[in-house]
Amino acid sequence: GDLFQWGRGEDGHQISTSTTTTSLSTTDAPANTLFIKVFSTNPPNDWRNPQNNNLWQGVNGLNNPCPYGFRLPTSTELIAERTSWTSNNAAGAFASTLKLPMTIGRNSNDGGFFGGQTYGYYWSSTVNFSFARFLYFSSSDAGMYSDYRAYGFPVRCLKD
């Protein structure tokens, strides 16, 4: 599936075969379809400089990657979803209403892939200081975490 950098629209960067660049964008819509790598281990580690916290906010949010009438869930909504699961792990995620499968992720520093479909990662629309919130799950647990916005994770859209 597609692996979005937090806040970017569906511009081609999210395709797993997209090539990479180290040139940060200074605009909300980069002038290319490349996955933007960030080598820093210090925040903000974002594909955009300066950061913009309003890129995925609601159905009318800038760069909303979802179809018309859909949006990304907030961290609060994903927490509520997770607490409704029959088990707090990958089996519960897949058995849920959203049918969340295991995924891979894309590294912010080198554009490589990780997870090997033994974990699940899904972006929320919520920011946490210079980070963004995402749902994580494995065969043994699940929770909400924050990490660099330059990572590539799948999204799951909700009808507004």
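First, my element labels: helices (H or I, at least four residues) and strands (E, at least two) are DSSP runs, numbered from the N terminus. This is a predicted model, so I ask for pLDDT of at least 70 for local features and 80 or more for side-chain atom pairs, while totals for chains, interfaces and linings use all residues. Residues are numbered from 1 along each chain as its sequence is written, and side-chain values use heavy atoms, with hydrogens and water left out.

**Overall fold**

I looked up the element count and got two helices and 10 strands for the protein chain. Going along the sequence, I read the pattern as β-β-β-β-α-α-β-β-β-β-β-β.

Next I checked the size. I took the radius of gyration over C-alpha atoms and used the globule rule of 2.2 Å times the number of residues to the power 0.38. For 160 residues a compact globule would come out near 15 Å, and the protein chain has 15 Å, so the two agree. The C-alpha trace spans about 45 × 30 × 30 Å along its principal axes.

For burial I call a residue buried under 20% relative accessible area, exposed over 50% and partly exposed in between (1.4 Å probe, protein chains only). By that count, 49% of the 160 residues are buried.

For contacts I take heavy atoms within 4.5 Å. Among contacts between residues at least 6 apart in sequence, 55% join residues at least 24 apart.

Surface: I ran Shrake-Rupley with a 1.4 Å probe, and for residues only the protein chains shown count as cover. The protein chain exposes about 7,500 Å², with carbon and sulfur atoms supplying 53% of it.

Charges: I counted Lys and Arg as positive and Asp and Glu as negative, leaving out His and the chain ends. I placed each charge at NZ of Lys, CZ of Arg, CG of Asp or CD of Glu. The mean positions of the 11 positive and 11 negative charges are 1 Å apart.

**Cores**

In soluble globular proteins, nonpolar side chains tend to be buried together. I define a nonpolar core as a set of buried Ala, Val, Leu, Ile, Met, Phe, Trp, Tyr and Cys residues joined through side-chain atoms within 4.5 Å.

Which residues have the most contacts inside the largest core? I find W6, W56, W123, F134, F153 and V155, in a core of 17 residues. The largest share, three residues, comes from β7.

I then listed the contacts of F153, skipping residues up to four places away in sequence: D2, L3, F4, G105, F114, Y121, W123 and F134. Apart from that core I noted another, of 12 residues, with L98, L100, A142 and L158 among them.

I36 sits in strand β3 (residues 35-36). I count I36 as buried because its relative accessible area is 0%. Beyond four places in sequence, the residues in contact with I36 include Q5, L24, P30, W47, S108 and A150.

F129 is in the loop between β6 and β7. Is F129 buried or exposed? Its 76% relative accessibility makes F129 exposed. Leaving out residues up to four places away in sequence, F129 touches N53 and R149. As for S96, it is 33 residues from F129 in sequence and 30 Å away in space, C-alpha to C-alpha.

The N49 to P50 peptide bond is cis, with omega near 5°. P50 lies in the loop between β3 and β4 (70-71).

K99 has phi near 50°, and K99 belongs to the loop between α2 (90-95) and β5 (103-106). At 42% relative accessibility, K99 is partly exposed. Q117 shows a positive phi of about 60° and is found in strand β6. Q117 counts as exposed because its relative accessible area is 52%.

Last entry is P101, in the loop between α2 and β5. P101 is partly exposed at 31% relative accessible area. Beyond four places in sequence, P101 is in contact with F94, Y122, F137 and R156. P101 and F137 are 36 residues apart in sequence, and their C-alpha atoms are 9.7 Å apart.
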